[in-house]
Amino acid sequence: SILGNIRFRLTGAGSAMAPQHAAPIMGSGGGMAVATSAVRDGAQPNIDRDDGNDDGSISVSISCQQCRSTGPEGGARAFVRGPHPLSVVLCSNRLQSSAEVQEVLVHELIHVYDMHVRGLDFHDCHQLAYSEVRAARDAECRGSLNRFTMSYCVKERAGHATNNMFPHQEGRNCVGRVLESALADRSPFQNGVADELPDFTKYCSPK
């Protein structure tokens, strides 16, 4: 099934999400939108991190709704709401197939993993770009024929997504700087453990 395949990809590799965190659960939720999967070129709103439950686990509910054409939902196929409760919302009026549902769920859950398990700060251009590269690689660009087409697809997808929050080419420049290290980071799919994150300060220009 779709959810079974997603669960395998995200948590099947021997405590892939990290042993102290629980696997996502199904349900419904509300709150403010914090991340999106665009139809093509949709904007991505601000993202805020929450440290999860008191016991260290993270619960993620999944729900469907008719999404509006304005605000954070405008142009989105899915988005993350939270942090109380943390929820992935699927835009039922913009998803046409089970393959698209799987794609956006993988994309959004990689963002959730990067935020809550690895502690990436999505208010930082390079850290957001790093997660966007990883999400695009395993979702929208997963079917690329070779490394060249994969890299091109990821650079375009992640560049546009990051540029929505960091405009005037800043977002695309951030993607260019982190592209290779982010593409090589297979967490949590490789050996069920998280790769070491790069030192993001090295990408910052001295003031």
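The following legends describe close-up views of a predicted model.

Local features require pLDDT of at least 70 and side-chain atom pairs pLDDT 80 or more, whereas totals for chains, interfaces and linings use all residues. Residues are numbered from 1 along each chain as its sequence is written, and side-chain values use heavy atoms, with hydrogens and water left out.

**View 1. Overall arrangement of the protein chain.** Five helices and four strands make up the secondary structure of the protein chain; helices (H or I, at least four residues) and strands (E, at least two) are DSSP runs, numbered from the N terminus. Their order from the N terminus is α-β-β-β-β-α-α-α-α. Of the 207 residues, 49% count as buried, where buried means under 20% relative accessible area with a 1.4 Å probe, protein chains only. Among contacts (heavy atoms within 4.5 Å) with a separation of 6 or more, 68% join residues 24 or more positions apart.

View 2. Helix α3 covers residues 125-138. Its 14 residues reach 20 Å from the first C-alpha to the last, close to the 20 Å expected; the expected span is 1.5 Å times one less than the number of residues. Because 14 of the 14 residues are buried, α3 is largely enclosed by the rest of the structure.

**View 3. Crossing of α3 and α5.** The axes of α3 and α5 come within 8 Å and cross at roughly 55°; axes are lines fitted to C-alpha atoms, for helices over the stretch in contact, and angles run from 0 to 180 degrees between N-to-C directions. Helix α3 is therefore oblique to α5, as angles under 35 degrees count as roughly parallel, over 145 as roughly antiparallel, 65 to 115 as roughly perpendicular and the rest as oblique. Residues making the contact include Tyr130 and Arg134 of α3 and Cys174 and Val178 of α5.

View 4. The 19 residues of helix α4 (residues 147-165) should span 27 Å, and its end C-alpha atoms are 27 Å apart, which agrees. Asn146 caps the N-terminal end of α4 through a side-chain oxygen 3.1 Å from the backbone nitrogen of Phe148. The buried residues of α4 pack against α3 and α5 (170-184); among them are Met150, Val154 and Asn163. Asn163 has a relative accessible area of 16%. Beyond its neighbours within four places in sequence, Asn163 contacts His168, Gln169, Glu170, Gly171 and Arg172. Asn163 and Cys174 lie 11 residues apart in sequence and 8.9 Å apart in space, C-alpha to C-alpha.

Definitions and conventions
Buried < 20%, exposed > 50% of the residue type's maximum accessible area, 1.4 Å probe, protein only. Polar contact = N/O pair within 3.5 Å; in protein donor to acceptor, adjacent residues only side chain to side chain.
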